[in-house]
Amino acid sequence: AEDHYHDFVIQATPVKRLCHTRSTFTVNGQFPGPTVLVRNGDSLVVKVVNQAKYNITLHWHGVRQLRNGWADGPSYVTQCPIQPGGTYTYRFTIQGQEGTLWWHAHNSWLRATVYGALIILPKEHSTYPFATPKREFPVILGEWWNSNPIDVIRQALKTGAAPNSSDALTINAQPGDLFKCSSPETTVFPVGPGETILLRFINAAMLTELFVSIADHQMTVVAVDASYTKPFTTSVILIGPGQTTDLLIQTNQPAGRYYIAAHAYQSGPPNTPFDNTTTTAIITYNNQITLAKPKLPVLPAYNDTATVAAFTAGLKSPSPVKIPGPVNENLFFTVGLGLFNCPPRKTCSGPNRTRFTASMNNYSFVTPTRQSLLQAAQLGIPGVFTTDFPASPPVKFDYTGNNISRSLYQPIRATKLYPLKYGSVVQLVMQGTNIYASEQHPMHIHGYDFYVLATGKGNFDAKKDTAKFNFVDPPLRNTIAVPVKGWAAIRFVADNPGVWFVHCHIDSHLTWGLAMAFLVENGVGKLQSTIPPPLDLPKC
Ligand code: C2O
C-alpha cells in the first residue's frame, strides 16, 4: 500500500462559460478539480490551503472513514470549517472500497465548483472483476450558473423561493456543443475501435438527477458508489446527485463521433422549475476530425418514471450477500419539503407566498455554528445537540396524499441526533412526503455503505412491502434516491463510531434542513469517536 500526498489550494479563478467570465472557486485553478487516483488499501494525505474568502471544508464522498470522522468533512458536523488563510490536512486510508467516489466542498454552495473524482483501483496484485478496459475516463456531471452559486442560494434564502436553476448542465465542467460559446471546449473522449472502455460517471450536480445515454452504444453497469454490481446492460442510466456509476462500453460501431448526452429526470406534479438543457460530450474513434455532426442518443422524457423503475430494479450485488440481521433498530424517517408561513412584515416568494423548508420526521436540521457535532460529542460539550431524534414521525399521516394539512409542513427547527449502539443492525425506511416536490430525494449517509433492500411507490406498508425486500443480492450504496411519493428501505450495521451526517444530496433541500445525523457509540458505551482529533483540526 502507498501513501499519496496532495496539496489542494482553494482559490478564486476566472472561468469562462456560456460567453461570460466569472470568478469561480477552484482547487489549484483546475475545474473540475484534480483527479485523485489510489488503490484500495492506500492512504491519502491532502493538505488543504484556503486562499478563498469563504470558510471551506472538503468531504470525501463515500469513503467509509472507519473510526476517522475527523477526515469526513461536513462543516460543523465533523469539523469546524477551514477559515480564509487557514489550512487543514485530511488523512485517511481506503479500506475495502473499489470503484469511483469523489470529493467536494461541504459548506454553503461551494461544492457547485469545488469537486473532483476519487478513483480507487483494485488493491495491489488484484484486478477488476470484469474484462480489463483498454482506457478509462472520469465523466463528471455538473451544473453551471452564470452568477456566483453562493449568491444564488443566498437570494433564495432571502425570499423563501426555490433557487434559480442552473444555466447549463455540464460534463467535466463543459456544457458541450448544444450551448453557445461552448463548442470548441466540448469534452472529448478519444477511443480506438474494438476496445473496452470504462466510464466512471459521477453526478456532482447541485440540484439535478440525470438520465444519460450514448448514441449507438449499450452500457454495461459494473459498479455503483464504489461497490461492484452484477453486470447489467442498458441503453440509459439514471444517476442522482452524489451517486457514481461505473460502466463499460464496447467501441464496436463504425469509426466516427458519438455523443454522450445527459438531461434531467423530473417527475411531477407539481413541477418546480428545473434546468431542462442537455449537456453533451463526444466519444471520438481514431481522433476523427470531420465536419459531420456526432450522433445524438435518444434520452427518455423528463418524467419517464417507468425507465427509472426498470433501471433501479437492474442494480444488484454481483453474488448473494449475507444480509445483516436480526434488526435491532427499526427506523422510519419521513423525508420531504414543506412550506413555512411567511413571517409578519416579510415578503415571501415561495408557493402561495410561503417560504420553502425541508425536514426529516418533521425536524428541520439546524447546523450548529459554534462547535462541530463530532467535537461536541467527543468532548462532552453540552448544548450543541440533543439525542432525541425520533425513530418514527411524531405525526402519522397519508404521506403521499394530495391534501395534506398545512400543520404538517411546519416542521420544527432543531439539531437532533439519533443514537446507535455500536454493532447494532439498523433497518431504515425513508418515506418521501412530497408535499411540494417533483424530484426524488437522493439520500446520502456519511461513513457507511448500506444495502438497498427495496424501493417502492406510495405509503410504506410494513406487511405488504417487506415481502418485496431483496434479501439475496441487494446493491450496496452510499446514496439512494427515495422515489417521488414512495419509499426506500435500507439496512446496515452501525460498525463505525462517530457522528455521521444523513442528508438529501439535492443542495437546496440540504440548505432547507433535509438532514439529521447518527451518533454511533464506540463500543465501550461511550458516544464518541475513538481516536483523538488531529492537532491541526480547525477551531470554530
Ligand atoms: Cu456528498 Cu454530505 O455529501
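Guide: The C-alpha centres of domain 1 and domain 3 lie 25 Å apart. Domain bounds come from an automatic or database domain assignment, which here gives domain 1 (1-126), domain 2 (130-317) and domain 3 (329-520). The model is predicted: local features need pLDDT of at least 70, side-chain atom pairs count only at pLDDT 80 or more, and totals for chains, interfaces and linings use all residues. Residues are numbered from 1 along each chain as its sequence is written.

Visitor: How many residues of domain 1 are in contact with domain 3?

Guide: Two residues are in contact if their C-beta atoms, placed from the backbone, lie within 7 Å. Here, 14 residues of domain 1 contact 16 residues of domain 3.

Visitor: What is the strand order in the open sheet of five strands?

Guide: Strands are DSSP runs (E, at least two residues), numbered from the N terminus, and two strands pair if DSSP finds at least two bridges between them. The order is S24-S32-S31-S26-S29, with mixed pairing. Strands S24 (417-420) and S29 (479-482) stand at the edges; each has a single partner strand, so one side of each is left without a neighbour in the sheet.

Visitor: In which sense do S26 and S29 pair?

Guide: Strand S26 (residues 441-445) pairs with S29 in the antiparallel sense, over four bridges. Within S29, Ala-481 is the bridge partner of Pro-442.
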